[in-house]
Amino acid sequence: MNRSFALLAALALLGGCQTFSSSSPDGTPPVEEASPVAEAPKPEAYGSFSKETLFALLTAELAGQRNRFDIAIGNYVEQARITQDAGVAERGFRIAEYLGAEQAALDTALIWAKNAPDSLEAQRAAAIQLARAGRYDESMAYMEQVLQRKGSTHFDFLALSAIETDPDTRAGLLQSFDRLQSKYPHNGQLLFGKALLLQQDDRPQEALALLETQSANQDDIPPLLLHARLLQSLKRGDEALPLLQKGIRLHPDDKRLRLTYARLLVEQDRLEDAKGEFASLLQQFPQDDDLRFSLALVCLEAEAWREAIVYLEELVERDSHVDAAHYNLARAYEALGEEDSALIEYSLVGPGNDFLPAQARQAQLLFDSKRWTEASRLLSQARTAQPDYAIQLYLIESEALASRDQDDQAWQVVQQALEQFPDDLNLLYTRAMLAEKRDDLKLLEQDLRFILEREPDNSMALNALGYTLADRTTRYDEAKALIEQALRLNPQDPAILDSLGWVNYRLGHLDEAERLLREALARFPDHEVAAHLGEVLWAQGKQREARKVWANALKQQPDSILLRSTLLRLTGSETF
């Protein structure tokens with residue numbers, strides 16, 4: 001081989017190493033605490049390569065420098081297979097990892113491990129890539145080689161990689177863990193990986209017992225965090241707090257431990273302590289706006305409105321979590337009674353998760369203040385500016401109007417919306433409910449039947465139609481069939497139980513009606529359910545008990561028109 005050509009190629013390879021020096025994508029477990037890029041071979045090492053191989057590798061490096069990574073990775077994988085050279089395979093593996101090319105990473109990792117049997121890094125890389133590919137038995141074999149040499153393993157990654165697999169695969173992997181544990185009963189890394197797998201398999205008690213054995217190293221951060229999460233999942237968060245406190249004393253600068261501790265304080269309703277922890281974390285990591293936002297939310301939960309406003313305004317100034325900050329600023333100003341400031345902040349929330357809640361709350365504030373025209377104008381402007389949200393904004397307006405007994409205006413809004421979106425099922429359902437208030441049962445049934453033609457399993461539409469037929473017509477058998485179909489689809493819904501109780505009352509099945517309505521009221525203490533139950537009790541001659549049910553409901557909702565009208569109809573008075 002021409003020595004000058006070999007030297008040129010080696011220099012090109014050395015330059016190429018700088019091209020691929022970026023770290024692996026997030027979430028990739030480290031293969032070694034070394035440089036992420038293999039050191040280029042020395043020039044004299046190329047004497048054993050053919051001219052074709054050397055030219056292919058040189059082409060790969062030049063392609064990489066020109067961002068033609070497809071050529072670079074293709075050439076390296078091919079030459080790793082041809083040459084079975086550990087250095088070439090490792091270089092190909094590094095590039096494949098950088099590019100996220102899973103198959104290429106697996107192929108080169110296996111060639112590297114095969115031709116560098118003494119390299120812990122190579123064996124670990126092969127184990128991880130096999131686990132990613134779902135080849136768990138082979139992965140465990142490579143992991144055991146690393147374990148035998150007392151190297152750092154990644155059994156935790158192996159366990160986590162099996163989360164989305166089927167139960168048989170997880171069971172097989174657990175058997176492999178058991179086999180290794182019998183050979184290495186005191187290996188903390190193995191115990192931690194098995195505990196993770198048990199947690200993912202929804203066996204928290206077993207995972208916790210494993211971690212609490214003397215063999216599991218409770219001073220390491222990952223087992224500490226897993227131990228705390230398991231205690232939380234078992235509703236034993238109070239036991240997790242001292243565990244995390246111990247971890248923080250051992251690792252005072254670890255952000256994960258302190259953040260987990262702060263969140264657990266919130267869960268335990270120790271809001272003042274949580275505020276202190278989040279404030280301390282933010283002082284330690286002042287550029288972390290996720291921490292700043294979490295602290296603001298804790299302040300809101302603790303009703304420290306002014307303190308929350310400070311942190312939320314900082315987020316807006318830092319252009320971070322901007323929409324969520326505006327939304328929560330509005331909440332804080334509302335709580336302080338500063339309605340104008342709240343309205344301004346709600347209006348500043350842009351498209352995203354908080355947009356519709358902000359629009360709804362802004363409309364409610366304006367409607368409550370009798371600023372009908374302004375509210376409708378702002379919602380109309382929002383529909384024009386954000387057409388993707390138009391249907392939801394129409395629904396917000398119509399439902400806000402209907403809840404304030406502005407049924408005619410609500411009707412006009414829905415009709416306008418249906419001109420634009422004639423087949424939208426949510427709009428049709430809303431119109432059906434408004435049609436019932438207008439005594440237009442024909443239109444109500446037409447809209448609900450239209451919905452059921454397209455969604456036969458729509459339990460809400462089934463229940464609404466069934467209840468209306470039971471309450472407003474004598475089509476009781478038809479009504480009962482519809483409601484029973486809804487209940488089969490959603491057996492836990494108290495509204496459906498209420499409807500079924502009511503249709504049984506209409507059919508004269510008073511005992512069954514009472515049973516169903518009592519169950520509905522226990523699940524959902526609503527004034528309408530109470531009115532129905534009271535009426536059934538009254539019909540059974542249980543007037544004293546009926547009055548008690550109504551009285552309790554009126555304490556919760558003294559302005560209930562339905563309760564008052566039921567009392568007047570049955571007792572001759574709206575009061576007791």
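1. Glu 445 belongs to helix α25 (residues 441-454); helices (H or I, at least four residues) and strands (E, at least two) are DSSP runs, numbered from the N terminus. At 18% relative accessibility, Glu 445 counts as buried. Buried here means under 20% relative accessible area, exposed over 50%, and partly exposed in between, with a 1.4 Å probe and protein chains only. Leaving out residues up to four places away in sequence, Glu 445 touches Leu 465, Leu 469, Arg 475 and Glu 478; a contact means heavy atoms within 4.5 Å.

2. On the model itself: it is predicted, so local features need pLDDT of at least 70 and side-chain atom pairs count only at pLDDT 80 or more, while totals for chains, interfaces and linings use all residues. Residues are numbered from 1 along each chain as its sequence is written, and side-chain values use heavy atoms, with hydrogens and water left out.

3. The secondary structure comes to 32 helices and 0 strands. Of the 576 residues in the protein, 48% are buried. Among contacts with a separation of 6 or more, 50% are between residues 24 or more positions apart.

4. Arg 449 is also found in helix α25. Its relative accessibility is 31%, which counts as partly exposed. Not counting residues up to four places away in sequence, Arg 449 touches Leu 465, Arg 475, Glu 478 and Leu 482. Arg 449 and Ala 461 are 12 residues apart in sequence and 8.2 Å apart in space, C-alpha to C-alpha.

5. The largest nonpolar core has 122 residues, of which Leu 312 and Leu 448 touch the most other members. A nonpolar core is a set of buried Ala, Val, Leu, Ile, Met, Phe, Trp, Tyr and Cys residues joined through side-chain atoms within 4.5 Å. Helix α22 (residues 390-402) gives the largest share of this core, 8 residues. Apart from this core lies another, of 29 residues, among them Phe 93, Ala 104, Ala 105 and Tyr 142. In soluble globular proteins, nonpolar side chains tend to be buried together.

6. The contacts of Leu 448, again without residues up to four places away in sequence, are Tyr 429, Ala 432, Met 433, Ala 461, Ala 464 and Leu 465.

7. The structure holds 7 aromatic pairs. Rings of Phe, Tyr and Trp (its six-membered ring) pair if their centres lie within 6.5 Å; planes under 30 degrees apart count as stacked, over 60 as edge-to-face and the rest as tilted. One of the pairs joins Phe 367 and Trp 372, tilted, at 5.5 Å centre to centre with 35° between the planes. Phe 367 is buried at 1% relative accessibility, whereas Trp 372 is partly exposed at 26%.

8. Two arginines sit over rings. The charged end of Arg 383 is over the ring of Tyr 394, 4.0 Å from its centre. Arg 438 lies over the face of Trp 411, at 4.1 Å from the ring centre. The test is that NZ of Lys or CZ of Arg is within 6 Å of the ring centre and within 35 degrees of the ring normal.

9. Some backbone angles deserve a look. Most residues other than glycine have a negative phi. Lys 370 has a positive phi, near 65°, and lies in the loop between α20 (355-368) and α21 (372-385). Lys 370 is exposed at 59% relative accessibility. Asp 439 has a positive phi near 60°, in the loop between α24 (425-437) and α25. Its relative accessible area is 54%, which makes Asp 439 exposed. Just after α10, Asp 202 takes a positive phi of about 60°.

10. Helix α28 (residues 494-506) has 13 residues and reaches 18 Å from its first C-alpha to its last, close to the 18 Å expected at 1.5 Å a residue; the expected span is 1.5 Å times one less than the number of residues. In α28, 11 of the 13 residues are buried, including Pro 494, Trp 502 and Tyr 505. Cover for the buried residues of α28 includes α26 (459-472), α27 (476-489), α29 (510-523) and α30 (527-539).

11. In the model, residues 494-527 are 82% helix and 0% strand, with end C-alpha atoms 13 Å apart.
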